[in-house]
Amino acid sequence: MVAWLKIVYNDVYDLTVQNRKLQLSSFGRSRRTAARAQDKTQDKTQDKESGNRKPMAGKPRKRARAGTAKPSAVAPSPARQPAAAAMIAKRIEEDIVLGRRRPRERLVEQDLCDLVGTHRGDVRLALFELEKKGLVERIPNRGAIVRGLTPLEVSEIYRVREELEVMAVRIIPFPVAPKDISRLEQLQRQHTTAIAAGDLLTVFYSNLSFHQVLFGLCGNSCLIETIDWLAQKVYGIRSYANAFPESLERARRDHLDMIKAIRESARDELIALTRRHLEPSPQAYIRDYERRFGKAETTDGFGKGPADRTPR
């Protein structure tokens, strides 16, 4: 009787365990089936909304993991347009050339912003470009000022300018082509017209172009570039000579004589004119400097020794 009960108990127990396993297995399959059905429904919905093709059979869909998605490429911001800075630099440069801004005058960034209706980024870029040209100087804790050259600096620059410009006219191939002479004559007419009209800005630009064409005839690009660079450094002193009508008239006559010398291939005359043509601006600047700041060390005749008088 005891053994029979043990056998029955075991059978019942085994059946109970097996039924429990079947129930768990069926429950698991039902959950997995329901999950797959839900995934398919979601996939169909996503495919329908996005219009993408369904993945190929046999290749499981990759699920995105949090934090692993690559960020979308961000388009670089466009480079700043230099137009505003160039306009500001040109305006300040012209003010210096015309004597509206004097040597050692402060260039206050906010004032320049208000003047041209822009922000400080453009103003700072403009001042940086003018500093490279030698027209503006930056002083720590004070900001930017119009560069003020001493008489000694002016004499040294003009001494070098004289030698380089004479070198240029000395190597100009003669005879000069008629088209180049015509170009010089055209610029000289503009210069003469501007003097008569009192248009000092056009006087400056036409004079600048005249000499660029003249020295460009030498054909030495390094020499031409150096002459232009040194001419930029002394833009600020040109207004001192241009303030006197006799200086403008002398410059006009010098241009006409230079054209005549080129036409006649008179090199010695052209060299002498080139030397003489440089004199008025530094002389006028040094006179004004010594009137304002007192007598300073300078050179007489661009490097012939210290002078105890203001150059004529």
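This is a predicted model: local features need pLDDT of at least 70, side-chain atom pairs count only at pLDDT 80 or more; totals for chains, interfaces and linings use all residues.
The chain contains 12 helices and three strands. Of its 312 residues, 34% count as buried.

Helix H2 spans residues 83-97, and helix H3 spans residues 109-116. The two pack at an angle of about 105 degrees. Their axes are 12 Å apart. The range of 65 to 115 degrees counts as roughly perpendicular, and H2 and H3 are therefore roughly perpendicular to each other. From H2, the contact draws on Met87, Ile88, Arg91 and Ile92. From H3, Leu112, Leu115 and Val116 take part. By class, the residues of this contact divide into six nonpolar, no polar and one charged.

Glutamate 94 also belongs to helix H2. Its relative accessible area is 17%. Buried means under 20%, so glutamate 94 is buried. Neighbours within four places in sequence aside, glutamate 94 is in contact with Leu201 and Tyr205. Both positions fall within the residue range of helix H7, 200-216.

Helix H7 in turn packs against helix H6, residues 178-197. The angle between them is about 160 degrees, and their axes lie 8 Å apart. Angles over 145 degrees count as roughly antiparallel, so this description applies to H6 and H7. H6 passes H7 in a left-handed crossing. On the H6 side, the contact is made by Arg183, Leu184, Leu187, Gln188, Gln190, His191, Ala194 and Ile195. On the H7 side, the residues are Thr202, Val203, Ser206, Asn207, Ser209, Phe210, Val213 and Leu214. The residues of the contact divide into eight nonpolar, seven polar and one charged.

Arginine 183 lies in helix H6 and is part of the contact with H7. Its relative accessibility is 35%. Arginine 183 therefore counts as partly exposed, since this class lies between the 20% and 50% limits. Phenylalanine 210, on the H7 side of the contact, is 27 residues from arginine 183 in sequence. In space, the C-alpha atoms of arginine 183 and phenylalanine 210 are 8.5 Å apart.

A further pair is formed by H10 and helix H11, the latter covering residues 267-277. Their axes come within 9 Å and cross at roughly 160 degrees. H10 and H11 are therefore roughly antiparallel to each other. Their crossing is left-handed. H10 contributes Arg250, Ala251, Asp254, His255, Asp257, Met258, Ala261 and Ile262. These meet Glu269, Leu270, Leu273, Thr274, Arg276 and His277 in H11. The residues of the contact comprise six nonpolar, three polar and five charged.

Phenylalanine 244 sits in the loop between helix H9 (238-242) and helix H10 (245-263). At 36% relative accessibility, phenylalanine 244 counts as partly exposed. Alanine 284 is 40 residues away along the chain. The C-alpha atoms of phenylalanine 244 and alanine 284 are separated by 9.3 Å.

Definitions and conventions: Residues are numbered from 1 along each chain as its sequence is written. Side-chain values use heavy atoms; hydrogens and water are left out. Axes are lines fitted to C-alpha atoms, for helices over the stretch in contact, and angles run from 0 to 180 degrees between N-to-C directions. Helices (H or I, at least four residues) and strands (E, at least two) are DSSP runs, numbered from the N terminus. Angles under 35 degrees count as roughly parallel, over 145 as roughly antiparallel, 65 to 115 as roughly perpendicular and the rest as oblique. A crossing is left-handed if the near helix is turned anticlockwise from the far one by less than a right angle, and right-handed if clockwise. Contact means heavy atoms within 4.5 Å. Ala, Val, Leu, Ile, Met, Phe, Trp, Tyr, Cys and Pro count as nonpolar, Asp, Glu, Lys and Arg as charged, and the others, Gly among them, as polar. Buried means under 20% relative accessible area, exposed over 50%, partly exposed in between (1.4 Å probe, protein chains only).
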